[in-house]
Amino acid sequence: MSNVFFKTPLSECIFRFKVYYLYRYRGGVNTLSNFKNFIKNALFFNEPQKTEHFILTESQDASPSEEQNAGDTANTKPDAKKRSRRLPRKTQAQPPLTQNENAPLTISKRLSENLDYMKTKYSLPVNGDIVLREFDIIVKHKVISAFIMFHDGMVERKIINQTILQPLMLLSNLDIKSTEEDIVSYISKHILPQNQLIITQEYTEVINMVNFGGCVIFLDGINTAFVADVKGWEHRNVQRPNTELVIRGPQEGFTEILRVNTALIRKILRDENLIAENISIGRRSHTPCAMLYIKDITNNALVQEVRKRLESIRIDYITDSGELEQLIEDNVFLPAPQILATERPDRVAAMLAEGKVAVIMSGSPFALVMPVTFFALIHSPEDSYVRFTYANLLRFIRILAILFSLLLPGLYVAITNFHHELIPTDLLLAIAASREKVPFPSIVEILIMEISFELIREAGIRIPGPIGPTLGIIGALILGQAAVAANIVSPILIVIVAVTGIGSFAIPNFSMGFAFRILRFVYIGLGGMVGFLGIAVGLFIHGLVLTGAKSFGVPFLAPFGPKTSGGLTDEITRAPIWKQEKRPDFLNPKDKKEQPTISKGWMNKK
Amino acid sequence: MVRKKVLRKVSTIVILCMLSGLSAGCYDRREIDDLAYVIAIGLDKGKSNVLKMTLQFAVPTAIGNGQEGGGSNGEKSSIVTTVETPTIYSGLNMVNNYISKQVDLSHAKVIIFSKELAQEGIHQYIHAIMRGREFRPNMFILVARDSAEEYIKNVKPSLEINPAKYYEMNLEAFKYTGFTGNTQLINFYLQQECTCSQAVATLAAVNRYKTTGDFTVKHSTAGNKSRSYPLEGDFKAGHIPRVGEVHSEIMGLAVFDGGTMVGELDGEETTYYLMQTGQYHYSYITLPDPIVKDKFVVLNVTQNRKPAHRVRMEDGSPKIHANIRLDADILSIQSGKNYEYAGNVHILEKAAEDFIEKGMLQFLERTTTELNADVCAFGKDMKGQFLTWKEWQEFKWLERYKDATFEIDVDLKIRRPGLIIRSKPAYSTKGEEMY
C-alpha cells in the first residue's frame, strides 16, 4: 500500500485513499451520497443514539380493570392505534358499563368465586397494601374455609388479631350453648365481638367499607360477608387551631378525622336535636361528609338547599373542604368568600345555635358554615368570650384594619397625585423632600413595594422551617432599609405599605383578607387614574356587587343590605351578652328567640 | 357557544376598562415633588407695572430632611422671588418661566397687601383670589404697613424650620394675645360683601429697632388715650419696643371700608373688637390699681358668653347697646392689697369693668367718627328688624353708622385668685413690706 502512495501524484493518491476507504468501510462506491458519510466519519461525527422517549399518548386502556381486554384487542388488531384515535371515546366509555352489568353484584356462595372477584377488584397481587389472609374455621364441627381482607395501615391490627382472627380460628369450636341453626346469625351473635359489624350480600358495600378501613370476612358456603369496622390509621391529635388563635376561649381545633370533629361539636352543644346527616361525595372516593344542623332551629329550606347542593356534586375525588367550598358556593367571581371555613369547633357550635348549617368533610380540618354574611367574616370567636367593651374595641380596630388594608395605598396615590391641598403642609413638604431623589412616579413606587411585600408573604409560607427567620431578615432589610437608601422608594411609602400589611393580617378570616388584598390593587389603579373620583366610583361598584351577592339565599350584606333588625347590636358592634335575645333575622330560624328578655334571673325581685 | 359568549363578555369589560383608563388619562396628575409650593404671596404697588408680586416658596429638601441631611441649618428653608405684573395670575405665568417646578398655591398661608395698595382698594384682587381654585379660604389676609416684599423677606423663623408653620402659629396667636384678629380670606370676603359689616385685616410690619437703646414710646398710641405710659396693647405692628432674631411682627388690625383701607386699630382696640364680635378667647389685661397709684393689677380675662347687641333707631340715628360678659382670674396684684378677699373683690371687678368700658367706648366712637366702618357688625341686629330685603337696602346702614351712639355694659366676674389665696406682705429688716 505504501508503495502506491509514493509512486502516484497527489490527486491520484487522494482518489485511491477514497476508494480504499469506501471499499474498506462502506462496502463500495454506491452513490455520491455516500460522500456525506465519508465526511461524517472523517470528522469523527457520530449519529445520536436512538433512545426511546416516553410519550403519554391518549389510549383506550385507561382503566386498569380492562387491561386484559385492551391487550387482547391490541394483539388481534394491528391497526388498533389508528382506530383508537378515531374512536377514543366510544371504546373508553363502553367497557366499564358492560362490565358493571356482567359483574356479580351479589356475593356468591362459593368462596373461590368471591376470592377471585376480590382479587381482580383489588388488582392483587399488583396492589401492595391490601392484605389477604386465608384460614379455616370450625363451626359446629364443620370446617369452613374463609379469608379476610383489609388495607394495611388503615386498620387497627391488634383488633383484627384479637377480635376477628382469634375468635374465628380458636374460639369458634368452643361449645356454645345455643340452638342457633343459621350460620350467619351464629357467627354474628356469638363469635365476632365487634361493635360495628355489617352483614351484607352486596359487593359495593363491602368494597366501600374496605376502602375506608374495614375488614371483610368471607366464609365458604354462605352468600354473605361480614364487614367489621376496625378503622385505625395514624392521624393528628386534637391540637390548637393554626389559623384562628384566640387568647380567651377554647383552644381545640378540628382534625382530619370526621368523627372526632363531629364529636368536638356535639361535646359543646350536647343537644339531641343536633343532626349529623351522612352524605358521601366523590364518585370514586366516596368521601364521607357530615351535614350538621339543629333540627328545631334551622330553617328547613336552608337544610334542603345545602343537602341538594351536596348530593348533586359529580366529581371523582375530593381532597379538602376547600374544594367542596368552591363546588357549592353561589358566585365564583365574587371576591369575598360566601362560605365560612373555620378550624374552631366552638365557632361552628355558636353558628349552629344561630340556625346555620355546617358541613364537615373527612380529611379536612376546616368545617364549612353556611350561609355567611359580610359581617360574620369580620368577627372573631373571641368577640363573644371577652367582655363586651373589649369586644367592641376589637371590632372597631378590625373595621379600621379593613379600611387600611383595602384603601390606604389607593388613598395615598390619589392624594399625592391629585389632592395636594388635603395634606398638612409639613407632611406635604416631608413627602416632597423624601420623593425628591426617587425616579419613579408614586404609583410605580407603591406597586413595587406592594408586590415585594406579597412576594415575601408568599415566600414566607413556602419557605422550609429552619430558614424561615432568614427570609424575615432579608425582607426587612431589603424593604425597610436598602430600598430607601437606594432611592427606589421613599420612606413614607414604607410606612404606608407596612400599615397596610399589618391591617391585612388583622382581618380574622383568611379568605376575606385575600379578597381585600386583590382589591387593593384595583383601588391603587383607580386612585392613580382619577384620584378620589376613581376611589369613590370603585367603592360604589364594590358596594353594588356586595349588595347583589347572596350566600345560600341570604343577602351578603344582610342586616344592612336589606335592613333587618339587630344590625348595630350584633353585627358591627356587640351588645352585652344578656341583650342578644334574637337569632339573626335573615336566617328565618324556627325558633327566633335565643334567650328571654330577662336572662339574668338574679336581677328579678322576689 | 357558551365559552365564546363568556369570552366576548370578558373582552368587552377589559376593553371598556382600558378605554375608561385612557379617557381618564391622568392628565391633571401631578406628583408632589413636581410642584413648587408658595407659602406667602405679597402684593405691592408696582413701579413699572400695576402690581409687584412677591412669592415665598418652601424648599422641601431643607424642611423635610431635617435630621437626615445634617445641613439643614445651612440651607435656606425658603426662597423669595419678586415680579412686576399686571395681575396676580399673569404674574404666576411669568414666575413659571424661571422657577423649574410648576407653581402651586394650594398651600399658601398668607396673602399680604401693602398699605399703599390697600388704601387704593383691594376688592378686585380679593375677587380674583376667591375665584381661583387653588387658594385656600382659610389663608390669612395681612396688610403690611410698609411694603409686602420687605415683610416677606424679613420672615426668617428661628423656632421652626418651616416658614409655613411660622405663619400658621403666629397668625393664630390672637387666641391668647387678643392683639390681632381671625382675618382669614373667607371672613374678609364675607365681611366685605356684607351690607351690615366691614372687613378687617391683620396689620403686619418689619420692626425697625436695632438695639435696645433705640427704644422710644413716641410711636405708641398711649398719648391718644391720655395715658402717660403705654400699656401692652398701645402699639401697632412695627413699633413694639423689642429686638431679637425675628424682625417681622403683627399687631393690630387694618380697617376697610368695602375694599379700601381707611384706618388702623392698635392692639388694645383689637382686643375690644374681638370682645364685641365674640371671637375673644383669653388674654392678659393690665389695668391700673384702683387704690394704689402707679401700681398694676394683671387679670387673665376670658369671655364667658357671646356679646349681646341691641340696636334701635332714635331720632334717625342708631342707638347701640352692647352687653359684654367676661370672667377673670387674678394673675398679679402689685400693691399687695387683698383684693381676693370676698369683701374686696367687687372693688377690683368694678375697676376692671370701668377700665374696659372706657376703652371700648373710645374704640367704638373711633369707628364711627374717624373710621366710619361698622367692623363689629352691629348691623346684623339692625337687619333683623326689617321685613324685606329692599327696605333694608334702602335703609343704607353702613352710611348711617357714623351717627351711632353707644351704651356699653361690661359684666366682669373674678372667679379665681390664682394659686395664692391671700396676699401677704413680705417681711424685711424694716418690718412689713408691701411687694
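This is a predicted model: local features need pLDDT of at least 70, side-chain atom pairs count only at pLDDT 80 or more; totals for chains, interfaces and linings use all residues.

For chain B I found a mean pLDDT of 89, with 95% of the residues at 70 or more.

I looked up 23 helices and 12 strands in chain A. The chain has 606 residues, and 41% of them count as buried. I also checked the contacts in chain A with a separation of 6 or more: 64% of them join residues 24 or more positions apart.

Is Glu445(A) buried or exposed? I got a relative accessible area of 0%, so Glu445(A) is buried. Glu445(A) sits in helix H19 (residues 442–462) of chain A. Leaving out residues up to four places away in sequence, I listed what Glu445(A) touches: Arg435(A), Val438(A), Phe440(A), Ile488(A), Val489(A), Ser490(A) and Leu493(A).

Ser511(A) belongs to helix H22 (residues 510–548) of chain A. Its relative accessibility is 27%, so I put Ser511(A) down as partly exposed. Leu340(A) is 171 residues away from Ser511(A) along the chain, yet their C-alpha atoms are separated by 8.7 Å.

Most residues other than glycine have a negative phi, and most peptide bonds are trans. I went looking for exceptions. The bond from Leu124(A) to Pro125(A) is cis, with omega near 5°, and Pro125(A) is in the loop between helix H7 (111–121) and strand S1 (130–139) of chain A. From Met370(A) to Pro371(A) the peptide bond is also cis, with omega near -5°; Pro371(A) falls in the loop between strand S10 (367–370) and helix H15 (374–377) of chain A.

Then the positive phi values. Asn487(A) has a phi near 60° and lies in the loop between helix H20 (468–485) and helix H21 (491–505) of chain A. At 28% relative accessible area, Asn487(A) is partly exposed. Ala377(B) has a positive phi of about 60°, in the loop between helix H11 (345–371) and helix H12 (379–383) of chain B. With a relative accessible area of 15%, under the 20% cut-off, Ala377(B) counts as buried.

I found one cavity of 30 Å³ or more in the structure. The volume of the largest cavity is about 130 Å³. Its lining has 13 residues, with Phe179(B), Glu232(B), Glu268(B), Ile285(B) and Thr286(B) nearest the centre. By type, I noted six nonpolar, five polar and two charged residues in the lining. Helix H10 (267–277) and strand S10 (282–288) of chain B each supply at least two lining residues, and S10(B) gives the most, with four.

Where does the largest cavity lie? Both domain 1 (32–265) and domain 2 (280–435) of chain B give residues to the lining, so the cavity lies between them.

Key: Residues are numbered from 1 along each chain as its sequence is written. Chains are lettered from A and ligands numbered from 1 in the order in which they are written. Side-chain values use heavy atoms; hydrogens and water are left out. On a 1 Å grid over the protein atoms alone, a cavity is a set of points where a 1.4 Å probe fits but cannot get out, and a pocket is an open set with protein on both sides within 12 Å along at least five of seven lines; lining residues have an atom within 4 Å of a point. Grid points are joined across faces, edges and corners, and a volume is the space filled by probe spheres set on the points. Ala, Val, Leu, Ile, Met, Phe, Trp, Tyr, Cys and Pro count as nonpolar, Asp, Glu, Lys and Arg as charged, and the others, Gly among them, as polar. Domain bounds come from an automatic or database domain assignment. Buried means under 20% relative accessible area, exposed over 50%, partly exposed in between (1.4 Å probe, protein chains only). Contact means heavy atoms within 4.5 Å. pLDDT is the predictor's confidence in each residue, from 0 to 100.
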